[in-house]
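Hi,

Here's the structure I promised to send over. Have a look around it first, then read on for what turned up.

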Amino acid sequence: MGKIGIIIQREYFSRVKKKSFIIMTLLGPVLMAAIMIVPLWIAMQDKTVQRIQVIDDSGLFQNLLQSDEYNQFDFTPINIFTAKENFYSTDYNVILYIPPSIIKGNYNVQLFYKKQPGVSTEMFVRSQLEERITDMKLFANKIDVELIKKTKTKINLSTNKIEEDGKSTQTSTTVNMFIGFVGAILIYIFIFLYGVQVMRGVIEEKTNRIVEVIISSVRPFQLMMGKIVGIALVGLTQFLLWTILTFTIYTITYTVFLGKVDNKIEQIEKIKQSQLEKGPFNAPEEIKKMDSSEVIQIMRGLKQIDFVALFLCFVFYFIAGYLLYGALFAAIGSAVDNEADTQQFMLPVTVPLILSFIVAQSIMQNPEGALSFWFSVIPFTSPVVMMVRLPLGVPIWQLATSMLLLAAGFIATTWLAGKIYRTGILMYGKKITYSEILKWLRFNS
Amino acid sequence: MNLLLAEHIEKQYAHHKALDDVSIAVQKQSVFGLLGPNGAGKTTLIRIINQITAPDKGELFFNGEKLQAKHVSQIGYLPEERGLYKKMKVGEQALYLAQLKGMKKSEAREKLKIWFKRFDIYSWWDKKVEELSKGMAQKIQFITTVLHQPQLLILDEPFSGFDPINTNLLKEEILKLRNEGATIIFSTHNMESVEAICDHIALINQSKKILDGNVKEIRNSFKKNIFEITFKGNLIAFTNALWTGYELLNTKSDGDYTIAQVKTLSSNNPNELLKSVLPEVEVHGLQEILPSMNEIFISKIKEQNNLQHG
C-alpha cells in the first residue's frame, strides 16, 4: 500500500472508531424516523372522540352545529351552572357555552373542559361557529348561501413535462422541489461538517507538532490529500449507513401506513384505462375525486423520479463539492495556529457556500432562469444549486458543463491549497495575513 | 567517507536569508554537531536535508548519490518541536509512523516490541499518548525515530524535556547507534553534550557557517596556553617563581592545597613551567586548560556580530 493509503487508513479509522461517530450514525436515522413517525403517532393519539355538551343560551345554533367523526355536539336545554356542577357526573369531555350576548355581536364563547382538548377540537368548534354566523349574516343580507358555496373553487394543478420526442410525463413539482432541496441541504451540511473536520485535523497536527515528523516521511501534499480523502470516506460511510437505516425504516413505515395508497393508484390507473375506451367523462365521481387527491399526486410524483440517476448525480456533487471546499479548509487550517484565528479566512470560503444555499431557495421560483443556470455551473455554488434543479430536469449539456467545471474547480483549489498548506504547516507564532499567503503562493518552497 | 555532503546551500525566505553559502560534510559513523544560536538557520538546513524544503542553490549528496525522495527511508528525524497524536494509542501510533517510513507492519511490530521492552515501556502499548508524561512521550518519539534503522539520524535538541537519568540513557543510545554504524547529526545549544558526544561540529550564525572541524582540534586551536597547577607550599614563593614569562590568573585554596591558573607568555611548554615552580613548592597536579565549546561558541559569535555591527 502506498503511503497515501496508510494516511487515508489512519484518518478513516481514527474517526470511525470514535464513540461520537457511532452514536451519530445510529441516532441520525432514528431522529429522522422520529420526525416522520411522531407527528403521525400524535395525530392518531389525538383522535379520541370528544363529546361536546352545547348550552346555547342564544338559541341561534339549535342543531345547526354539525358533528364529525371525532367531535360530537350534543345540545342540552339545561342551565350552564347546573351543567358545570354536574360536569363530572356526565361523560361529556367538553362544555361549549354560547351566551345570549352573541346576538348583539359580542362573540365571546366559552369552552370548559376536564382535560385539555386538542387544538383540532378547538379549531373545529371555532370554525363551526364562525361558519354558522357567516351563513346567518349572509342570510340576513339576503345573499344566497348556496350560491356563495358554489363559487368556492379548489384547483388541482397536475404538472406534465413534454419531452422533445413528444413523450409526456406527469410530474409533481412540489415533490421534485422537495427532493432536490433535501439533497441540497445534505450536500451543504456535509461540506460544512466535514470541511471543518479537515480544518480541525490540520490544526491538530500543527499544534501537536507531529506534522514535521510526518512530512519528513511523506510529501505535504500526500498528507493533505490523505486527510481530505480519509475524512470524505468517513462522511460517505456515515451517509451510506444513514441511507440504509433510513430506507429500512421508510420501507417499514411505507408498507404499514402508505401501502393502501399505492393500491389505490393502481386501481385508478386500471379504471382510467377502461374508461378511456368508453369516453373520458364517464369516470365515476369517486374515482375522479381520488385521482386528484394530494396524496395520490405526491405518490405519483415520487414514482416519476429516476432515483438511480439522481443518486449518482448526488454522489458526484457530494464528493466533488466536498473535495473543492475540503482543500480550502485544509489550507485555512495550515495557515493558523489555533481555531480562534480561523475566522478571517473562513469568511471567503463560507460566503459562496451560504450564498448557494440562499440562491437555491430563489431557484424554486424560477428553476430554469439565468440565475439558476449560472449558479448551477459555477463550481463554488454548483453542488448545492444543481441538486435543487436536478429532479426538475436539467439539459444534459448543462449538467455536463457543471460537472466538468466542478472537477476542474477542485483540481484548482487543491493545487492552490497544496501550495498554501506546505508553507503554512511549518509556520508558528505568526499572525498570518492575506498578503502573507499571496507571498507563499508566489515563492516556491 | 562522507555519508552526507551539503555544498554551498542557499535559502531565501520572503523576509530574510536563512542560509548563505553553507557547506557541511558529515563523516560516516560519526556524531556531527550542528551548533548555533536561535534563528541562525540550523532548522532550515535540517529541513533541507530532510527534503521538507528545497534549497534555492546548492547540492546535497547522500552516500555519494544526489539526495532524492528514496533517501527519506534512510533518514530518521527527531524535530525540536515534536509531538504525537494525543488521542492515538502509543503502539498504533508507532506502527503508523514506522509504516510511513516504509516499514512493513509486521516487521515494525516485531522491532517495536524489542525497543519497548528495552526501554521498559511495553506496558504503555495500549495507552493513549495524552495519558503519558512529557518524558514518556519523548522516549516513544525517540524510538519511532530510530526504529527503521536509518543510516542518518537527525536529532534536533534531543535532550530538551528529559530528566538527567533519561538524558544519560539517551546519550548512551546515541553512542551505541553510532558504534553500530549509524551517522548522527546533532543540533543543540547544550555545549556540554557537544564535548561529550560530538566528533565534529559546524557552527552557524546569521545564516553563515563560521566554524567547523573536529572537536578536539577546534578546542586545541582555541587554547590560550593556560595551565592549572595544584600544589602544596608557600603562595608567595610560587608567585615569585613565575616572575617572568608567566601570568598568574587566579588562585584558590582547597584545604592544604592551592590551585592556581597560569598563562604562559613565551613558550607553551609545561616542562618549562614545572621547572620554574618545582624548587619552590610541592606539585601535585598539572593540567592544560582547553577552552570549553561554550566559550568558543560565545566568543566566535560575538566576534562575528561585532564585525557586522562595528
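At what angle do helix α12 (residues 343–363) of chain A and helix α14 (residues 382–389) of chain A pack, and how far apart are their axes? Keep in mind that this is a predicted model. The angle is about 20°, and the axes of the two helices are 8 Å apart. Angles under 35 degrees count as roughly parallel, so α12(A) is roughly parallel to α14(A). Their crossing is right-handed. If you want to find the contact on screen, α12(A) brings A:Ser356, A:Phe357, A:Val359, A:Ala360 and A:Ile363, while α14(A) brings A:Val384, A:Val385, A:Val388 and A:Arg389. Sorted by class, that contact has seven nonpolar residues, one polar and one charged.

Still in chain A, take a look at A:Ile133, which sits in helix α4 (residues 119–140).

Now for where the chains meet. On the chain B side, 20 residues are in contact with 17 residues of chain A. Helix α2 (residues 90–100) of chain B gives the largest share of that side, four residues. The chain B side splits into twelve nonpolar, four polar and four charged residues.

Last one: chain B is assigned two stretches, domain 1 (2–220) and domain 2 (224–289). Taken over C-alpha atoms, the centres of these domains of chain B are 44 Å apart.

Cheers

Technical notes
Residues are numbered from 1 along each chain as its sequence is written. Chains are lettered from A and ligands numbered from 1 in the order in which they are written. This is a predicted model: local features need pLDDT of at least 70, side-chain atom pairs count only at pLDDT 80 or more; totals for chains, interfaces and linings use all residues. Two residues are in contact if their C-beta atoms, placed from the backbone, lie within 7 Å. Ala, Val, Leu, Ile, Met, Phe, Trp, Tyr, Cys and Pro count as nonpolar, Asp, Glu, Lys and Arg as charged, and the others, Gly among them, as polar. Domain bounds come from an automatic or database domain assignment. Axes are lines fitted to C-alpha atoms, for helices over the stretch in contact, and angles run from 0 to 180 degrees between N-to-C directions. Angles under 35 degrees count as roughly parallel, over 145 as roughly antiparallel, 65 to 115 as roughly perpendicular and the rest as oblique. A crossing is left-handed if the near helix is turned anticlockwise from the far one by less than a right angle, and right-handed if clockwise.
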